[in-house]
Amino acid sequence: MIRKREGKKKTTYQVYIRYTDRFGEKRSYSMGGFLKRKNARAHELDILKKIAEDIDPQHNKDKRTMNDVFFEYMELEEKRYRVSTKKAYYSKYHKHIESSIGKRPIASIKYRDLQQFFYSLDQNSRTLNLDIRKLVNVVFHYALREEYIDKDPTRFIKIIGKESKDKKKVLTEIELEKVINALRKSKKAKDRFMYESYSIAIYIGYYTGLRISEILALRKDDFDFLNMEVSITKRLESKDTERGLYITDHLKTKNSRSVLPICEKLKDILLEWFMENPYD
């Protein structure tokens with residue numbers, strides 16, 4: 001409505017609007033100081049339009065849900081991700097997003113909606129919630145590029161969650177040898193060659209910090225003992241249920257493809273092992 005305000009020196013007009021927002025909360029808006037009624041009326045119409053769009057953001061906008069956009073993105077970018085990454089993405093999305101905020105039209109989702117969604121995940125670990133935010137970011141960045149939305153509301157999202165009480169522990173060399181000795185003496189170690197292979201994999205992991213998938217893809221010729229380094233160019237893919245185990249050069253990150261130094265102790269262990277191991 002337009003309210004007329006009589007002052008000592010002049011008459012002004014005020015816009016006053018009461019409405020219920022899309023969350024069912026009663027709200028009001030007011031703006032005064034208009035010298036002419038027609039100016040106040042023009043402002044009122046502009047505000048009413050914005051309120052209507054906030055209550056029903058899909059008015060004249062794209063109808064795709066967040067779920068639609070996520071599955072469209074994953075289908076388009078399928079070859080970009082390794083099998084294990086895709087499985088992790090789908091698993092987290094199905095469990096935490098799909099049946100909740102994922103059902104919403106993506107153009108209607110604003111910062112407040114996303115922040116409320118992440119506050120509702122407070123019983124998760126903070127690490128898991130950071131992974132969920134990464135997924136949400138991927139979907140909204142894609143939607144923005146495809147012009148399904150005008151703005152990306154994910155930028156200022158705050159993440160909460162339970163902090164992990166477990167502290168990572170680095171084994172000492174003495175503890176490492178205890179693990180190796182226990183492995184070699186295991187009653188299950190009937191196949192000595194197999195269990196010695198496990199020991200070598202543990203040694204490589206300990207002295208290089210490589211991922212298990214990278215260790216299991218190494219060949220003898222990846223090691224250069226003259227320059228005391230090892231080349232990381234591939235990994236063992238183990239999450240593909242259709243193909244089973246296979247070697248791929250599609251590594252986890254760009255930095256995964258690298259040349260790492262090896263220490264004298266690991267060199268000695270490997271040289272002895274290479275004399276015993278007849279395989280490449």
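Buried means under 20% relative accessible area, exposed over 50%, partly exposed in between, with a 1.4 Å probe and protein chains only.

Ground rules, before I go on. I am working on a predicted model, where local features need pLDDT of at least 70, side-chain atom pairs count only at pLDDT 80 or more, and totals for chains, interfaces and linings use all residues. Residues are numbered from 1 along each chain as its sequence is written, and side-chain values use heavy atoms, with hydrogens and water left out.

Skipping neighbours within four places in sequence, I97 is in contact with M66, K92, G102, F117, I132, L135 and V136.

**Whole chain.** I count nine helices and eight strands, taken as DSSP runs numbered from the N terminus (helices H or I, at least four residues; strands E, at least two). The radius of gyration, over C-alpha atoms, is 30 Å, while a compact globule of 280 residues would have one near 19 Å by the rule of 2.2 Å times the number of residues to the power 0.38. The C-alpha box along the principal axes is roughly 100 × 40 × 35 Å. I get 36% of the 280 residues as buried. Of the contacts between residues at least 6 apart in sequence, 58% join residues at least 24 apart.

**Y142.** Y142 sits in helix 5. Buried or exposed? Y142 counts as buried because its relative accessibility is 4%. Not counting residues up to four places away in sequence, Y142 touches V69, E72, Y73, L76 and Y148. I also noted D152, ten residues from Y142 in sequence and 9.8 Å away, C-alpha to C-alpha.

**E44.** I found E44 in helix 1 (residues 37-55). E44 is at 6% relative accessibility, so it counts as buried. Leaving aside neighbours within four places, E44 is in contact with M1, I2, V15 and I17.

Terms used. Contact = heavy atoms within 4.5 Å.
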